[in-house]
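Please look over the sequence and the structure before reading on.

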Amino acid sequence: MVDGAVLLVGPHDEQPRRAMIVTDPASGGMAATEALASRLEGFDVTVVRVGVSPERDRDPAHDSVTVVDVPDLAAWASVTRRLPAPDLVIDLTEDGKDVHARVWRRGFLNLRQGGVHLVRHRAGAGPLEDSCARVVHRAVGAVGRGVAEKLPDPRDRALAASVETLTLAPTHTVVVKRGVHHLKVRESEVGKVVAGRSSDVTAQVVARRAAGTLRSPTRVHGALPRDGELATSVAYPAATVRVYEGPVTVAPRGLVHAAGMILPESFRYPYATTLTSPGADDVDAAFARVPARHRAVRHLPGTYFHLDPFLASHFGHLMVETVPRLWGWGHVRALYPDAKVILQARTPGDRVSTLDRRLLGAYGIDAEDVVVVDGPVRVDRLAGASPLLHYAEPYSIHPSLVSTWDRLADTLVRPEIEGHGERIFVSRPAGRMKRDCRNTDEVEEIFRGFGFTVVHPEVLSLQEQASAFARAKVIAGFGGSGMLSLIYARQVETVIVLNQEGYTARNEYVVSLLLDCDVHFLWSAGDVPQPDEGWSSEAFFSAWDFDVERNIDELRGLLGSS
């Protein structure tokens with residue numbers, strides 16, 4: 001059984017071969033496990049004992065294996081994140097409550113490409129009486145029939161395409177893995193995971209800001225039922241600046257990966273329950289594939305600071321993804337005076353965009369300190385910073401982000417620029433492909449009647465936008481990127497956001513938590529509603545009409561008669 005699995009793994013030229021033996025209290029004791037490990041010549045062996053008290057049954061004189069004790073399978077999955085990916089997993093646990101299937105589902109993608117998952121059947125059990133054999137057999141069969149999407153368990157649908165071969169023997173099952181899968185690494189674990197999984201890449205935290213709870217004076221009105229309460233007392237996580245040493249790939253759409261890991265810089269929503277990187281292809285909650293187009297073939301010498309948003313040179317994404325990471329620049333530059341900011345080009349051949357140059361320049365980052373690359377590159381040293389704003393659930397914003405906003409405002413808010421009055425309405429052109437408000441002209445006239453100046457941010461410079469928001473006391477507008485210059489709105493008292501109900505972004509709410517104002521959401525029906533369960537991009541981008549009848553009385557109450 002074991003000898004055949006070792007032959008399937010084959011030689012490994014670059015790194016030592018690694019094996020993981022998973023046991024439980026019924027597996028026969030440590031002596032038997034170490035005897036098995038002794039047959040794995042040329043392997044570094046880790047024994048994970050599930051549900052075993054530390055050091056029970058282990059003779060301390062045996063140093064041939066590393067022993068890790070965990071209380072349950074959930075803890076085992078967590079521990080394996082901090083261990084090198086194995087070439088071979090041997091499951092010696094009993095199969096009560098489908099344990100073998102659970103071990104396979106939790107551990108299979110963690111194998112290296114071509115890795116082997118070996119399961120010992122319970123004595124007297126036939127091959128398909130084993131839960132792992134049964135689950136994998138069903139998944140492989142579904143792939144062969146072209147009906148994998150109909151598998152009842154979503155985990156099996158994700159795993160089915162990663163099975164290269166399945167062997168069912170009377171005493172054991174052997175599953176060989178296909179493909180390379182990258183572990184998605186969270187902000188809170190990056191140091192331990194990188195240290196545990198890779199000998200080629202290190203991660204060192206060089207600056208930290210503490211976690212805490214923000215109790216905002218802002219008042220929020222008009223949350224939709226699906227939002228629940230948009231709280232004004234929110235916990236914010238600790239933030240770090242870290243430096244990766246070793247070969248790290250910086251790829252389009254914000255993706256950063258190294259040594260089989262997708263690093264935290266890659267995630268738009270790094271504190272969400274499920275991590276998703278737009279630059280990688282998700283397989284399950286823990287692993288993703290890096291597409292060939294996002295694997296580096298070019299080496300770029302030097303030290304770089306990652307500030308790339310999900311959409312390159314997009315104003316809204318720069319404001320909620322890049323600006324909240326700017327705080328790390330000073331720490332990185334103090335350690336590495338020659339460090340440069342690295343950004344991906346929006347389209348092939350682009351240089352640093354005017355928007356990027358002016359926004360970063362307002363923070364004090366000169367154009368010559370920004371490197372724009374076209375496609376994935378491999379660097380030897382990369383720094384990254386936690387975002388001080390999280391614009392998806394769980395919503396959070398670090399109070400120290402105000403210092404970044406103030407630094408931008410000190411440059412962009414200009415006394416010589418004529419303002420637009422104390423009441424501004426932030427509009428956008430009608431006829432847009434996404435979230436088009438068809439009666440925009442009518443809406444603008446309504447707000448003009450309430451004494452507002454209508455502004456179109458897309459035709460204003462950054463200085464003009466910042467100055468307009470900085471001097472306004474009442475700011476209304478269509479929800480979206482145009483409203484994000486609220487970061488400069490130090491005098492604002494009232495914010496009014498017009499949205500259609502399928503638009504689920506709440507960026508204005510999160511930003512407002514560092515202000516002291518009343519925020520009112522006014523809603524209208526979109527052409528396409530969000531489903532009762534799940535989420536629809538069609539609904540998110542749906543066209544709509546501002547519902548005057550539904551909202552005019554509230555507007556009059558807020559703004560007076562028109």
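## Terms and basis

A pocket, on a 1 Å grid over the protein atoms alone, is an open set of points where a 1.4 Å probe fits, with protein on both sides within 12 Å along at least five of seven lines, and its lining residues have an atom within 4 Å of a point. This is a predicted model, in which local features need pLDDT of at least 70 and side-chain atom pairs count only at pLDDT 80 or more, while totals for chains, interfaces and linings use all residues. Residues are numbered from 1 along each chain as its sequence is written, and side-chain values use heavy atoms, with hydrogens and water left out.

## The largest pocket

The largest pocket is lined by 43 residues, and His317, Arg435, Tyr503, Phe540 and Phe541 lie nearest its centre. Its volume, the space filled by probe spheres set on grid points joined across faces, edges and corners, is about 1,400 Å³.

Helix 8 (residues 315-322) supplies the largest share of this lining, four residues, where helices are DSSP runs of H or I with at least four residues and strands are runs of E with at least two, numbered from the N terminus.

## The second largest pocket

The second largest pocket has a volume of about 940 Å³ and is lined by 35 residues, of which Gln15, Val180, His182, Ala259 and Gly260 lie nearest its centre. Strand 13 gives the most to this lining, with three residues.

## Strand 18

In strand 18 (residues 303-306), Thr303 and Phe305 on one side and Tyr304 and His306 on the other are all buried, that is, under 20% relative accessible area with a 1.4 Å probe and protein chains only.

Note on methods
Buried means under 20% relative accessible area, exposed over 50%, partly exposed in between (1.4 Å probe, protein chains only).
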